[in-house]
Amino acid sequence: MPVEIPKDKWPGSVRTVTIGALPKDGGTRKCTVTVGGETTMPFLHYEGEIPNRPVVAIEIMDRQPDDWSPLLAEAWKDVMDDPAKWAVAAEQAGADLLVLELSLNNRNGEPTTPDEAVSAVKSVLAASGLPLIVFGPGQAEADNALLVPISEATKGERIVLGICEDKNYRTIVATAMANDHLVSARTAMDVNLAKQLNILISDMGLPLDRILMDPTTGALGYGIEYGFSVMERLRLAALQGDKMTQLPMIVTPGYEAWKIKESKVGEGVPETWGDWLNRAINWETLTAITLLESGADVLVLRHPESVKRVKRAIDELMSAKELV
Amino acid sequence: MALSGIQIYKLLPQTNCKECGFPTCLAFAMKLAAKQVELSSCPYVSEASKAQLEESAAPPIRLITLKSNGYEVKVGNEVVLYRHEKTFYNKSGLFVKLHTSQIENALIEETRRINQYQVNYVGMDLEVDGIAVEDDTHDPAKMKAAVTAIRSVSKKPLILISSAVDVLEAGLSQLSGETPLVCCANSTNWEKFAELAGKYKAILAIESDKIDEFVELTEKIKSKGIEDLVLIPNGKNLGHNLILQTQIRRAAIKANLRALGYPTLAFCSSPVEAAQAITKYAGFVVLDEFAAELIYSLLVLRQNIYTDPQKPIQVQPGLYEINNPKENDPVLVTTNFSITYFSVANEVEGSGLPAWLLVADAEGMSVLTAWAAGKFDADRIAKAVKSTNVTDKLSKHLLILPGSVAVLSGEVEAELPDWEIRVGPREAVDIPKFYKLALQVN
Amino acid sequence: MAEYKVRFDPNTEPVVVKSGTLIIEAAKQAGLDILQPCGGQGRCGRCIVQVMDGTVRHRSSLRLSKEDIQAGYALACQSIIESDILVRIPEQDKIERRLMSDRTALEIEIPPGYSPEYKQSLRRFSIQLSPPSYEDQTDDLTRLKKEITLKLGYRNIFIPLGLINKISQALRLGNWNVTIFLHIGELDDRMKYVQLVDILPGIIAEEDPLWGAAIDIGTTTVTLWLVDLMTGKVHAQVAEYNDQIRRGEDVISRIIYADKNGGLTELQQLVLGTINELMETACKRVKFHRVKPEDVYKVSVAGNTTMMHLFLGVPANNIRLSPFIPSFNQAPIIYAKEIGLKTHPFAIVDCLPGVASYVGADITAGVLSAGVDLADQLTLFLDVGTNGEMVLGSKEWLVTCACSAGPAFEGAGVQSGMRATTGAIEEVWINSNTYEPTYRVIGGGKPRGICGSGLISLLAEMFITGLIDKAGNLNPSLPTNRVREGEHGLEYVVVWAVEAYSGEDIVFTRVDVDNLLRAKAAIYAGFLVLAQSVGVPLESTEQVLIGGSFGKYLNIEKSIQIGLLPDLPWERFRFLGNTAVKGAYYALLDKHSRKRLDEIASKMTYIELSADNSFYEAFMSALFLPHTDLSKFPSVEKAMKSIQYSETI
């Protein structure tokens with residue numbers, strides 16, 4: 001007895017965005033990453049197309065980070081003080097692309113100079129052929145000061161430059177436009193704010209297929225439900241045909257999950273929290289999976305084990321296409 | 001289908017008699033639409049309207065209650081596919097699986113651990129809901145012994161798993177007065193299973209990986225008088241399960257297909273599977289093993305996903321560190337309305353200046369609204385200072401009030417005599433300047 | 001290239017222009033000066049002309065209706081001459097009127113068919129009593145009551161102690177001819193009762209005025225109309241700032257002040273002081289009659305719930321505390337002397353009914369005077385003050401809510417803001433090429449600041465010209481020295497110091513932009529939540545009635561451009577001025593209107609905005625110019641496109 005299962009047919013779709021440029025297209029990458037293009041809610045292959053699988057990026061820094069969990073230091077060991085080595089290790093750990101985050105201050109505690117930032121980016125580009133995302137230190141002035149020279153020094157690479165925020169987007173967008181890069185637009189867990197920033201950026205003339213949106217998500221236990229619902233709503237709006245929400249979403253579960261006590265702290269926590277390492281990896285993985293199922297296209301992770309688990313989950317979620 | 005406030009209003013007497021406790025019939029209708037009040041509060045509603053309203057109120061997914069002596073796990077009654085559309089009502093029941101092959105002592109020890117497990121998350125004590133016992137010996141006596149052993153240390157509701165009716169019956173016979181769940185019925189054994197469920201008033205779970213088969217089975221079993229059913233979509237992998245769960249939920253809610261209007265159960269052998277089961281529609285989640293760190297993360301995820309999204313968006317009250325503050329950095333006070341919090345936090349974070357951000361519980365209101373409503377006053381600010389023990393963390397006690405509640409400074413001083421109270425700017429955007437000018441920090 | 005002859009009326013000397021010339025250029029050639037405050041962008045509509053003969057091509061006709069175009073109207077700065085033409089230049093003041101016609105204050109009409117006999121609850125009767133004698137030993141009070149029952153038919157008569165001692169003297173002084181003032185009330189549909197309000201010796205002529213007052217106690221402004229209850233005519237309209245302002249600008253600070261020791265009494269005395277002074281002033285303004293405040297026998301009072309509490313000296317603290325329950329929504333009728341109102345001591349004081357803590361009698365009175373409760377069409381009624389209160393509905397149902405818009409529209413909370421008085425900039429135009437502003441100042445002198453309508457106009461202009469982006473961020477890279485780094489980040493200089501009254505720059509800061517954005521977003525979000533609560537689309541609103549003193553100065557186009565008002569055809573908007581005092585006036589005159597007011601108050605469904613997330617959602621999406629969902633504002637989208645178009649020419 002066949003049953004008619006109601007299917008959602010959507011008028012809209014997510015835009016396709018390609019990160020990185022091959023030599024023939026003016027870059028130096030050995031491969032590119034294309035995300036987006038979905039015409040359905042996450043992994044509902046029976047309703048629509050999911051032409052590109054979500055990808056996993058590994059977050060590395062321009063120098064040994066000051067405040068990362070010792071568990072991460074243990075996982076990456078001695079590569080952490082050399083972005084080039086770290087990039088290679090990340091590639092070996094299964095990263096589809098890399099996120100390089102710039103520190104506010106250099107090793108000597110002085111503000112990172114544009115030259116230092118440019119050379120870190122160049123060393124990563126030289127060491128690994130993966131497409132690259134570069135995040136500034138997250139302060140308007142420093143971001144602008146570092147990202148502009150990076151953008152100019154890497155013209156044509158189709159790097160994703162971040163972080164564009166509603167109070168600070170003009171400079172980054174302008175330099176991305178001038179140097180054939182992309183931008184990542186970050187807003188604070190709100191559908192409207194996300195949409196507004198996309199409008200502002202596209203008003204400056206940057207084509208929508210060069211924008212990733214980062215809705216900020218919170219970690220498991222720390223507001224992930226808002227991130228989850230904001231992403232579901234953004235994706236639904238995109239499928240309903242709202243152009244300003246039809247951008248692939250980038251999320252940072254690694255950053256979110258590793259900044260909280262559950263992952264950072266091993267001692268003096270309740271016994272019911274269980275084993276530290278497993279808990280921390282669980283936290284990152286569960287945060288990532290929850291966001292994956294609400295529409296994430298690029299997941300930025302930190303621990304190699306989480307990368308393995310999330311990639312396996314993506315495999316299974318994508319292969320279900322053959323089962324229905 | 002659910003009716004809107006205005007549609008319900010048209011079915012009410014429209015006399016604004018106020019006897020229901022609401023000022024107008026329309027106000028009452030809106031509360032009815034939001035399911036926050038019972039129709040019986042209206043003494044004058046006509047029989048015809050009553051019938052119409054009651055029909056529209058029937059939930060598309062049946063409410064299933066697992067019961068044991070002193071415990072209840074309710075699942076079902078859901079009305080939406082996406083939590084933002086309304087809310088997810090009944091949290092997935094979280095169960096841990098034990099086996100009949102385990103020796104008695106191990107079984108008891110494991111049960112005790114599960115039973116005792118309790119973890120505090122933002123002031124709530126979270127627990128595992130119950131235990132599933134899987135028959136891996138095909139021996140009724142073992143099942144009986146296992147159930148007896150579990151019951152000697154735990155009263156939490158049980159799920160019994162076997163392909164053999166006699167094994168299940170051995171377990172059920174030990175659970176009189178309870179409403180456990182038995183599984184798994186399928187296309188070959190369903191008749192015997194239905195009979196068993198009927199006899200012991202148990203809830204029956206059906207397993208399949210085909211939607212059509214579920215529909216066929218639920219209808220057949222329902223015709224035997226068994227109505228409390230649970231579906232176990234047993235897909236080939238994570239992706240397949242997601243699709244089956246979604247199809248069942250969607251058919252029940254969007255097409256009002258009663259044959260699929262039952263909660264589901266998911267057997268999970270990995271954290272990832274369990275996480276997906278919680279976010280994507282499983283009524284019961286049965287874990288393969290007990291590990292504190294996994295249970296904790298899943299209980300938190302469940303708590304998060306089942307939070308009512310209609311409630312004003314709040315951040316958790318408490319002390320937040322921005323830009324690695326030291327013991328002589330100032331404490332900025334604000335409320336727990338998310339936008340207020342974010343605008344202050346972003347401004348400070350973006351400026352690179354270190355601060356302790358003390359978020360007081362103002363019931364999710366912005367500074368001025370909360371102050372106006374009496375939810376952000378000297379008393380609450382003092383309470384926030386004390387509950388976070390911030391005094392002990394710092395060598396310098398400098399508290400900055402939002403400029404818009406400058407009026408509170410005297411009272412706060414009186415409440416916190418050890419603190420220096422300063423009035424900050426009205427607008428978050430002026431905080432960096434305030435640091436530079438008033439606090440002489442660069 | 002073709003050449004065309006252009007003649008202007010009233011200046012008839014023709015000029016010859018090349019094909020492709022704009023009318024405005026031809027006019028310049030002919031030595032004519034056509035005003036173009038917007039710098040020739042086709043946005044202000046001030047350069048409107050009428051093409052009497054010949055053809056032109058409209059580059060933009062944003063300001064013109066179909067009928068206008070058919071009648072030959074064209075914007076001089078946007079019309080390209082394509083043949084020999086004759087152009088008429090309308091007189092400038094006619095254009096002003098054309099643009100402003102809906103902004104003129106309404107005259108107060110006496111409600112048609114007014115007669116004190118059928119409508120008025122306060123009545124004056126001159127009656128003759130038979131004098132007492134040794135045979136007729138009836139006491140004075142009984143004699144009076146008996147006569148009232150016998151002659152006028154009223155049975156339940158209440159007489160306050162303060163009047164009993166006046167009766168005997170009045171009867172004897174008037175030689176048993178007296179004039180009595182009765183307030184006729186209804187206990188239910190059948191039972192009436194009367195209260196004696198005054199007794200005077202002698203007969204008073206029927207046509208002599210009988211004075212009453214309609215009052216609206218606003219948080220900022222108190223308005224009083226002095227009315228002759230015999231004819232219904234309003235003889236004086238006066239208004240003054242509420243003296244309570246010195247104890248706090250908004251209701252919340254007043255409530256908190258009232259909670260302090262002695263604060264309640266002080267605030268009550270302050271507002272009574274304002275009203276009593278207004279009463280004096282109003283009496284002096286009346287022409288042809290000598291009126292004293294003591295001659296006022298009946299007062300109807302509208303005002304928000306807090307103002308009503310403070311007026312009566314009732315603690316108001318629970319209004320601000322969740323769940324926001326006031327002491328009363330409907331106060332009983334009282335005598336003036338109970339609170340110290342300087343009218344006749346036994347004057348009837350009727351405080352009109354409200355709905356909730358933040359939807360008071362000013363709104364129910366507004367609904368009454370605007371006729372929302374009788375409307376066949378879906379009507380949105382809006383009263384903007386410190387709070388934005390709004391009502392959506394028709395004769396079938398009414399829903400209402402209040403959102404705290406903040407005082408930005410009253411010019412407060414904005415660095416260069418001020419009230420709409422002399423010296424306030426009330427309208428601004430910014431040239432989209434030079435970013436130079438032109439503005440109009442109330443009273444015409446040097447500008448002192450910017451009032452609410454000026455702020456709306458300024459925000460809209462800055463947005464349309466690209467000085468700010470859709471999020472309100474100032475663009476620092478434009479070729480103008482008016483955008484600069486100020487104390488609060490970037491700011492725009494509207495008036496340079498040398499041109500300003502104070503000798504200091506008048507600036508508009510990022511913080512000001514944010515305050516205005518929040519204010520407009522709160523109001524628009526209120527509309528949206530009301531519409532959502534009953535499941536009707538906001539666009540289906542058939543008329544928008546705007547009350548409140550602020551409403552008079554609101555420019556619809558600019559208000560739509562910034563997303564304050566919904567993008568509906570302009571003809572659906574109507575400004576009604578102070579609808580609260582007008583409603584109080586109707587209630588003062590007509591007992592049927594007064595009854596309708598009770599029905600309105602009982603029928604209005606109050607939507608508490610803090611109860612769930614929908615307001616917050618709507619607010620966030622409205623916190624953008626004009627709105628996050630641009631499809632809700634098609635006319636603004638069109639206007640922006642047309643500017644981009646004109647920039648590229």
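**Salt bridges in a predicted model**

E420(B) and R422(B) are joined through their side chains by a salt bridge, 3.3 Å from N to O; the term means a side-chain nitrogen of Lys or Arg within 4 Å of a carboxyl oxygen of Asp or Glu. This is a predicted model, in which local features need pLDDT of at least 70 and side-chain atom pairs count only at pLDDT 80 or more, while totals for chains, interfaces and linings use all residues. Residues are numbered from 1 along each chain as its sequence is written, chains are lettered from A and ligands numbered from 1 in the order in which they are written, and side-chain values use heavy atoms, with hydrogens and water left out.

- Over all chains, the count is 64 salt bridges.
- D8(A), E47(A) and R250(B) form one network through salt bridges that share partners.

**A pair within a helix**
- R113(B) and E110(B) form a salt bridge at 3.7 Å, N to O.
- Both residues belong to helix α4 (residues 104–116) of chain B, three residues apart, about one turn of the helix; helices are DSSP runs of H or I with at least four residues, and strands are runs of E with at least two, numbered from the N terminus.

**A pair between loops**
- E363(B) and K375(B) make a salt bridge whose closest N and O atoms are 3.6 Å apart.
- E363(B) sits in the loop between β15 (355–360) and α13 (367–372) of chain B, and K375(B) in the loop between α13 and α14 (378–387), twelve residues apart.

**Accessibility**
- K375(B) is buried at 12% relative accessibility (buried is under 20% relative accessible area, exposed over 50%, partly exposed in between, with a 1.4 Å probe and protein chains only).
- E363(B) is partly exposed at 36%.
- E420(B) is partly exposed at 39%, and R422(B) is partly exposed at 27%.
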